[in-house]
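Have a look at it, then follow along.

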Amino acid sequence: MPRGVKGLSELVKVENLVKWFPLRRGLFSSLFRREELFVRAVDGISFNIKEGEIFGLAGESGCGKTTTARLVLRLIEPTDGKIYFKGIDILSIDKKEMRKLRKEMQIIFQDPYESLNPRMFICDIIKEPLKLQKIGNSEEERLEMVYEMLEKVGLTPPEEFLYRYPHELSGGQRQRVAIARALILRPKLVVADEPVSMLDVSIRAGILDLMLDLKEELNLSYLYITHDLATAKYVCDRLAIMYLGKIVEQGDTLKIIDEPMHPYAKALIDAIPVPNPRVKIRKIPIKGEVPTPIHIPPGCRFHPRCPYAKDICKKEEPPLVKVNKDRFVMCHLYS
Amino acid sequence: MPLLEVNSLKMYYEVKGKRWVKAVDNVSIKIDRGESLGLAGESGCGKTSLSLSIMRLLPPNGKVLSGEIKFENEDILNMGYKLFKKKIAWKKISLVPQAAMSALNPVMKVGDQIVEAIIFHEDVSKEEALERAKTLFKLVGLDPSRINDYPHEFSGGMRQRVMIAMALACNPKLVIADEPTSALDVIVQAQILSLIKDLQKNLNLSMILVTHDLSILSEICNSIAVMYAGKIVEYGPTLDVYEDPQHPYTKGLLAATPSIKGTRRRLKSIPGTPPDLLNPPPGCRFHPRCPYAKDICRKEEPPLVKVGEKRVVACHEV
């Protein structure tokens with residue numbers, strides 16, 4: 001199932017993005033302890049998303065992938081770094097301009113049970129962004145757009161869904177409503193934060209296919225956030241694997257999954273069970289669990305768990321180096 | 001003689017207005033010594049209700065209407081609850097729950113929690129029980145010096161190891177693991193799965209693994225029962241079921257499960273959603289979502305028929 005990326009121009013460019021959250025301290029520690037502690041959720045990452053591309057950001061819980069998603073939409077302000085959207089430095093513009101730009105960047109959340117207002121009709125939920133952005137001349141025109149959008153996301157016939165509440169729909173249908181709400185403004189970029197992880201397996205493929213089809217039809221680009229590399233393989237053109245706030249490997253999705261280079265990426269991919277009883281369980285060489293992003297290990301942040309750790313890994317942080325065309329790895333084994 | 005036998009079990013939940021949610025409807029399973037059975041199915045298919053019925057941990061509105069549950073040929077469904085708790089629970093059958101954090105008492109040292117379980121079931125001194133708890137810690141790959149820590153001092157994966165240690169405390173013959181890894185990250189999940197597999201082999205444990213994830217089942221279980229809407233639709237040796245699924249639902253689930261290995265293939269979802277178990281559809285419960293549904297499927301419920309050695313399928317097509 002090869003998929004070409006149509007446009008090659010850069011839609012999003014992120015440079016050296018950093019987000020540290022200060023740790024809330026009690027009275028005692030703020031009076032008597034000098035050192036201020038931070039959760040280093042995102043610790044200097046760079047990537048770009050091309051037009052028409054699906055860029056995946058994958059990693060385990062706490063690696064900073066969701067924080068990155070919120071930063072890209074400027075739902076939170078970064079500690080440092082630059083974010084460009086269509087060449088515009090979005091951190092330099094004011095609220096009003098940002099609001100205008102938001103029309104072109106939308107988000108789909110993980111939990112379709114929590115992200116829809118339970119007291120609103122489906123049609124009002126999907127219509128709301130139009131009202132906020134003052135699109136459409138009349139109520140009829142807006143309703144017409146909602147109608148068309150419901151058809152696009154496969155909630156047909158639309159009149160059956162317009163005046164229903166979210167609780168009357170199944171999880172898959174709710175996620176379709178969330179997609180309709182995100183796409184009604186005809187955005188350029190859609191951030192999808194674990195869009196199928198709350199859904200049953202039998203429903204997932206339908207939602208992912210819908211996202212792929214709409215991408216073609218409406219010329220979208222996606223930032224796809226997930227912990228599930230098997231679905232990332234299914235949808236993403238390019239992939240970045242994050243560990244403790246850093247991108248450790250980045251490149252073509254299929255190439256990374258077939259031949260991961262970074263020891264962490266390799267472990268992460270090897271750890272995924274395969275739906276085939278002939279494939280036997282593998283011993284994962286990685287010990288322990290992800291440390292807290294408050295006390296990040298010195299040198300390479302993965303070294304305490306890495307089976308290949310050398311002396312240099314304990315002291316120096318490896319740079320993200322280009323190992324071949326479009327493949328970047330942050331590891332001393334390759335630098 | 002099978003270790004555990006469940007025959008034609010019906011377990012319904014009573015809800016407002018004397019209505020019944022048919023969570024487990026006429027289900028039979030059988031587990032031999034050393035066998036590991038996977039109970040597969042999506043949310044609401046009755047797989048957890050079945051395991052809670054076996055452990056007699058149902059909420060007050062959950063009622064077993066008919067059927068039998070036998071362990072080593074002894075009726076454990078109708079024996080006195082006190083006797084069941086003393087003689088069967090933990091000693092013969094134990095449970096590893098999904099959410100380890102909510103299963104552990106947060107204000108009690110984990111060692112004391114294991115000791116308490118051992119002393120309740122066996123006539124041993126506190127010191128002996130503590131010694132055994134330390135041995136169990138080693139067995140599941142935890143540092144025995146942390147036996148006096150509290151649950152919150154452990155990470156998610158370590159807590160799940162504590163739960164496994166606890167489940168093994170009284171040398172049970174059967175362990176029921178209900179989604180033991182679904183709250184864990186993938187690397188930790190792999191660590192726990194390989195621990196479960198090693199323990200199962202070394203201690204010759206029998207196991208029921210309850211999960212929605214067909215990939216996990218394929219790695220651990222030698223037989224699999226696929227449940228849909230309170231019923232078993234397909235049951236047989238894992239390899240046979242995966243390589244030659246017979247029921248349209250099993251086929252659908254396998255076609256919808258993405259794999260990290262191999263070429264990128266098109267996934268297929270199953271149209272529609274699972275039915276409301278208050279009013280399940282007549283005939284075959286899967287017929288509204290089934291691409292092969294015929295007239296008979298809407299009217300008559302298909303029986304489980306034998307399609308090979310140790311294999312049964314409930315579908316009018318086969």
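Arg56(B) lies over the face of Phe84(B), 5.0 Å from the ring centre. Chain B has another such spot, where the charged end of Lys86(B) sits over the ring of Phe120(B), 5.0 Å from its centre. To count, NZ of Lys or CZ of Arg must be within 6 Å of the ring centre and within 35 degrees of the ring normal.

A quick word on ground rules: this is a predicted model, where local features need pLDDT of at least 70 and side-chain atom pairs pLDDT 80 or more, while totals for chains, interfaces and linings use all residues. Residues are numbered from 1 along each chain as its sequence is written, chains are lettered from A and ligands numbered from 1 in the order written, and side-chain values use heavy atoms, leaving out hydrogens and water.

Now for rings meeting rings. The whole structure holds 13 aromatic pairs over all chains. Tyr243(A) and Tyr264(A) have ring centres 4.5 Å apart and planes at 50 degrees, so the pair is tilted. (Rings of Phe, Tyr and Trp, its six-membered ring, pair if their centres lie within 6.5 Å; planes under 30 degrees apart are stacked, over 60 edge-to-face, the rest tilted.) This pair ties strand β9 of chain A to helix α10 of chain A, 21 residues apart; helices (H or I, at least four residues) and strands (E, at least two) are DSSP runs numbered from the N terminus.

Both Tyr243(A) and Tyr264(A) are buried, meaning under 20% relative accessible area, with exposed over 50% and partly exposed in between (1.4 Å probe, protein chains only). Helix α10(A) itself is mostly covered, with 6 of its 8 residues buried.
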